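Thanks for coming. Please take a look at it before I go on.

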Amino acid sequence: MTEGERGELLPCPVRSAHRRLMDCHELWHATERNYMDPEGFRQHPNNLIQNLRNVTWLLQKQKAQLPDFNTWYQQWRDSISNDPAMKWLVAARNRIVKESDLELLSRADMRISLDWLNEVAASWTMPPRYTTREILIRLLSSQNIPPIGMLTIERRWIERHLPNYELLDALAHVYGLIASVIATAHCKAGVTKCDLPSREFCVTS
């Protein structure tokens, strides 16, 4: 039985890649916290996408120190080869670096509850630059909304090149796939618990 199998801390076998993965976890939560702020939200997915892409590059730089790397890394690549969110991530990172920001869309779902028995639902696509207040003003000025009742607006961010995913869901999905290969690297190196310090938002081996 190795020290790692006894639950003791061992040196992280992929320190740079694992640390960058932890950065991604913090960036995901920062993105979530800015969900209702269009300008703040715009900045965070750009950073997160680039950092997610960098995790695997940093992992590959350490392949000489990882047992049987080419076999298990290729198996992981094969397993994600048809994943639409992973394909999108690669293309999105290239667009961000070489062309422009993500092409974000915001869909505002509005629900009006007059009382327990009467509810009216409608949906509009709003420009991503609109704040919640601006969405509300536009809805109130352009729609025949009753003067009393409860109005609920739910915001949903999507990216034009990945229209079937909510953006945070897509990024969480990609994060999980990349985290799995970092976990495999730890396992192949015989490290079940590494020595990287934990953070407020942290994923460990």
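The model is predicted, so to speak of local features pLDDT must be at least 70, side-chain atom pairs count only at pLDDT 80 or more, and totals for chains, interfaces and linings use all residues. Residues are numbered from 1 along each chain as its sequence is written, and side-chain values use heavy atoms, with hydrogens and water left out.

His44 sits in helix H2, residues 38–61. Helices here are DSSP runs of H or I with at least four residues, strands are runs of E with at least two, and both are numbered from the N terminus. Leaving aside residues up to four places away in sequence, His44 touches Ala30, Thr31 and Asn34; contact means heavy atoms within 4.5 Å. The side chains of His44 and Asn34 also make a polar contact at 3.3 Å. That term covers a pair of N or O atoms within 3.5 Å; within protein, one must be able to donate a hydrogen and the other to accept it, and residues adjacent in sequence count only if both atoms are side-chain atoms.

Next, the helix pairs. The axes of H1 and H2 come within 9 Å and cross at roughly 165 degrees. That makes H1 roughly antiparallel to H2, a label for angles over 145 degrees. Axes are lines fitted to C-alpha atoms, for helices over the stretch in contact, and angles run from 0 to 180 degrees between N-to-C directions. On the H2 side, His44 is among the residues that meet H1, and the H1 side includes Ala30 and Thr31.

H1, residues 15–33, also packs with H6, residues 167–188, at about 160 degrees, with the axes 11 Å apart. H1 and H6 are therefore roughly antiparallel to each other. Residues in this contact include Trp28 and Thr31 of H1 and Tyr175 and Ile182 of H6.

What does the whole chain come to in secondary structure? The answer is six helices and three strands, in the pattern α-α-α-α-β-β-α-β-α along the sequence. Of the 205 residues in the chain, 41% are buried. Among contacts with a separation of 6 or more, 72% are between residues 24 or more positions apart.

Notes. Angles under 35 degrees count as roughly parallel, over 145 as roughly antiparallel, 65 to 115 as roughly perpendicular and the rest as oblique. Buried means under 20% relative accessible area, exposed over 50%, partly exposed in between (1.4 Å probe, protein chains only).
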